[in-house]
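I opened my notebook to look up charged pairs and the sheet. The sequence and structure come next.

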Amino acid sequence: MDLGNVPRVTGVAGVNIIPRSDVVAAKGSVTVELPPEQTVQSAGEAVRIEIRTQDRKTQASAERDAANRQGEQASRDVIESHLYIEPLTRSLVLQKRNLQTGETTEQVPDEATLKLRVYNRQLAELAREASEAAAHTVERTA
């Protein structure tokens, strides 16, 4: 039997943990097999924070919101919405009017858009009439 060329297998030892002098174990800590840069240490007791100033800000904000809601409710009582179809353009129009003053506060689409639609409709109608008139003419040649 020839055993001269048999490879020898050697075992690999585990990772050697080298203790560092700058890392101090806290009282009651648990030993782990992690390198010191991967460990977490407690910062100490929790810090108590008072948030009373937030409560005052929140209360002031809630009071402002309530006042705004009352103002909006009062304005809703004064403003009337009216939905109708414009006969010349056949467009749906939403108009909001102030009942006290009688003026229009908001209109969708606005007056300029409605006038532009009327103008475009009239131009299209004139072009259609011109094309119909041209189609009915008869030319005679002698």
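Which residue forms a salt bridge with Lys96? I found Glu106, with the closest N and O atoms 3.9 Å apart. I count a salt bridge when a side-chain nitrogen of Lys or Arg is within 4 Å of a carboxyl oxygen of Asp or Glu.

Notes on the source. This is a predicted model, where local features need pLDDT of at least 70, side-chain atom pairs count only at pLDDT 80 or more, and totals for chains, interfaces and linings use all residues. Residues are numbered from 1 along each chain as its sequence is written, and side-chain values use heavy atoms, leaving out hydrogens and water.

Next I placed the pair. Lys96 lies in strand E2 (residues 91-98) and Glu106 in strand E3 (residues 104-108), so the pair ties together parts ten residues apart in sequence. Helices (H or I, at least four residues) and strands (E, at least two) are DSSP runs, numbered from the N terminus. Glu106 in E3 is also the bridge partner of Lys96.

I searched the whole structure and got two salt bridges. The other entry is Arg128 with Glu132, closest N and O atoms 3.3 Å apart. Both lie in helix H2 (residues 111-136), four residues apart, about one turn of the helix.

Then I looked up the sheet. It is open, has three strands in the order E1-E2-E3, and pairs antiparallel. Strands pair if DSSP finds at least two bridges between them. E1 (79-86) and E3 stand at the edges with a single partner strand each, so one side of each has no neighbour in the sheet. E2 and E3 pair over four bridges.
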